[in-house]
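Let's take a friendly tour of the pockets in a protein structure. Have the sequence and the 3D view at hand as you read.

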Amino acid sequence: MDTTGRPNPLFRNLSAKIAAIPMILTALVIFVGGTAWTVIYSFTSSKLLPKKLFEWTDVINIGDWSLSIPTGIVWKSFVGLQQYERLWNTNRWMVSIENLFIYGLCSLVLSFIIGFVLAALLDQKIRFENTFRTIILYPFALSFIVTGLVWQWLLNPDFGIQSVIRGMGFVGFTFDPLYSADIVIYGVLIAGLWQGTGLIMVLMLAGLRGIDQEIWKAARVDGIPAWKTYLFIVIPMMRPVFITTLVIIASGIVRIYDLIVAQTSGGPGISSEVPAKYVYDYMFQGQNLGQGFAASTMMLLAVAIVVIPWAYLEFGSRKRG
Amino acid sequence: MTANSVEIRGLDLAFGAVEVLKDLNLEIPEGEFLVLLGASGCGKSTLLNCIAGLLDITGGQIFIKDQNVTWAEPSQRGIGMVFQSYALYPQMTVKGNLSFGLKNARFAKAEIEERVARAAEILQIQPLLDRKPAALSGGQRQRVAIGRALVRDVDVFLFDEPLSNLDAKLRADLRVEIKRLHQKLRNTMIYVTHDQIEAMTLADRIAIMRSGAIQQLGSPDEIYNRPRTKYVAEFIGSPAMNFIDGVVAERGFAAGDTTIPLDGYGWADGPKQGPAWLGIRPEHVATGELAQGKPFRQEITVELFEPMGADTLVWTTLAGQPFHFNLDGQHKVATGDRMTIGFDSARGSLFGKDTELRL
Ligand SMILES: Nc1ncnc2c1ncn2[C@@H]1O[C@H](COP(=O)(O)OP(=O)(O)OP(=O)(O)O)[C@@H](O)[C@H]1O
Ligand SMILES: [Mg+2]
């Protein structure tokens with residue numbers, strides 16, 4: 001192959017590459033390094049502080065120089081998969097996982113459906129669109145803590161929705177999801193949706209607005225009913241928006257923590273625990289770093305199992321095609 | 001007498017407080033190729049969308065094939081539409097694009113196959129049927145868009161600037177193809193453009209629009225030779241018509257101390273007098289030998305010239321006003337040259353200063 005005269009691709013845009021080095025290093029050290037550190041220490045019996053991983057042994061002195069060269073390693077505090085065994089044998093972790101599944105699945109499906117339907121309604125060139133958009137997006141401006149507190153009150157049987165409806169004469173009415181272990185996670189779900197769907201709606205609305213109006217006209221001339229146009233033409237065209245939305249919703253689901261803390265503190269009992277809370281509690285309150293790290297490594301693994309095949313499909317195929 | 005294919009009576013359309021179309025009337029006989037021509041923002045697309053039923057009109061009535069379709073759905077009007085941005089469904093193959101509407105209308109499979117095959121044959125897109133729109137060139141996409149109207153087997157085709165996203169060469173090719181298509185199908189076609197070459201070459205009749213009203217409706221020949229208003233005269237023809245500011249008097253058209261005879265001028269409504277513009281097309285001005293036979297002759301000085309290949313556009317002063325005319329491109333000129341020009345005002349147009357209408 002004749003490559004003379006062709007610049008080495010490594011040196012193309014060299015100054016840009018040099019400029020990016022600090023950024024690349026930061027990313028490597030903080031993200032990759034921090035992650036690796038967490039994973040490694042999840043195999044130790046670290047309690048309040050990370051324990052020493054190993055010690056060098058057999059230091060030798062060469063001649064008169066007090067030069068120490070380590071020639072051996074003694075592993076310390078490694079406990080293998082013990083933390084993981086303990087994790088998966090803990091009832092609280094199992095409840096957390098189950099809750100995350102229920103919350104995640106419902107939240108994903110409902111956010112998408114409600115967000116899209118709201119966006120499609122707002123897209124009908126209605127009047128006061130800005131007002132509606134602001135109202136629906138408003139909860140997103142509140143933190144999860146505030147949202148959690150607001151909904152804790154609203155769902156409180158003595159002050160909230162239940163008492164209002166009972167006050168209207170329906171004496172037998174019961175609605176207290178936060179006080180029943182079986183459905184408490186749905187109470188959290190309501191608050192989560194109330195807070196988050198506004199953003200999803202705005203994202204979807206932006207996606208809908210990005211679609212050429214002439215596509216709609218063409219579909220009308222073709223006699224395609226509006227719902228079919230959405231289903232077969234518009235939604236397939238909105239794939240990039242859906243992917244962005246999916247990433248945003250999914251990352252919100254995995255990290256869910258503050259809403260639970262504010263609304264139920266994991267109760268009643270442990271019935272609304274979630275993995276992120278488990279991690280936090282073990283690391284900072286249970287003073288059991290090893291266990292916390294093991295739990296967070298499991299969360300990382302779960303995310304990786306979802307993200308890696310997706311990223312491979314999404315970006316791997318593009319390079320080939 | 002052939003029936004009117006499309007008839008528009010007193011059409012009004014307003015977007016909120018903005019009146020875009022005002023009391024517009026139009027009758028289009030069956031099989032006619034009508035071009036709507038006008039400057040940007042004059043309401044061409046709006047009119048087309050009203051005919052298609054994509055906009056709810058504020059007043060008036062629309063008939064297609066003698067059916068009152070004023071409130072009918074677009075798909076029920078027997079129209080097919082081709083858009084400027086092609087508006088193909090990007091996730092479907094060409095075949096999917098062509099058949100989606102038919103499938104939705106529950107046509108039999110064999111019928112759909114047949115129609116798609118026929119459209120593909122007419123438009124020469126058989127090899128592209130399994131491709132997605134993203135894998136097509138602009139010209140191919142536009143063909144598919146036309147195909148989507150074709151499979152619907154409609155009486156009226158509506159085109160909204162279908163060629164304006166294409167490069168000049170492709171535009172000329174597709175223009176010919178559209179003309180051929182019309183000759184083959186003999187459907188009524190309504191074609192929006194702001195390209196006057198497209199309008200002149202394609203149209204049976206041209207409707208020149210200005211701020212929501214039709215200024216003149218006529219054959220390309222009428223529009224070119226007998227523009228009804230000064231606006232139409234300005235709009236049609238390139239380079240633009242010369243307008244000499246003056247007064248129509250008994251002896252002829254007086255501009256400054258120059259008098260231009262008006263013998264043989266085809267008055268619209270009998271001879272008139274008063275302030276007016278005399279419009280002369282640059283290509284109707286003769287020079288040298290040819291000028292000798294013209295009723296009006298004058299010696300002028302070349303002030304500026306723009307060679308354009310086939311022609312050279314020469315700028316000069318006539319009766320104290322700027323004036324330009326075409327000269328054969330092979331003719332060598334230089335600034336300061338003197339030459340005799342001549343023209344026949346019978347081929348020109350007079351517009352009254354008060355009304356801007358043809359006299
Ligand atoms: N949805 C709308 N709301 C308000 N005004 C509109 C709307 N659509 C068009 N208009 C106005 O109506 C007028 C006519 O628009 P139209 O699109 O018919 O112009 P056009 O002749 O097709 O121009 P072009 O050659 O640029 O396509 C314009 O002044 C435009 O500003
Ligand atoms: Mg337009």
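Predicted model: local features only at pLDDT ≥ 70, side-chain atom pairs only at ≥ 80, totals over all residues.

Residues are numbered from 1 along each chain as its sequence is written, chains are lettered from A and ligands numbered from 1 in the order in which they are written, and side-chain values use heavy atoms, without hydrogens and water.

**The largest pocket**
- Its space is about 1200 Å³ (a volume is the space filled by probe spheres set on grid points, which are joined across faces, edges and corners).
- A pocket here is an open set of points on a 1 Å grid over the protein atoms alone, where a 1.4 Å probe fits, with protein on both sides within 12 Å along at least five of seven lines; lining residues have an atom within 4 Å of a point.
- The largest pocket has 35 lining residues, and those nearest its centre are Ala250(A), Val254(A), Met299(A), Ala302(A) and Val303(A).
- α13(A) contributes the most to this lining, with 13 residues (helices are DSSP runs of H or I, at least four residues, and strands are runs of E, at least two, numbered from the N terminus).

**The second largest pocket**
- This pocket has a volume of about 630 Å³.
- Its lining counts 15 residues, and Gln124(A), Lys125(A), Gln213(A), Arg220(A) and Leu54(B) lie nearest the centre.
- α8 (213–221) and α9 (226–237) of chain A and β1 (4–15) of chain B each supply at least two lining residues.
- α8(A) gives the most, with 4 residues.
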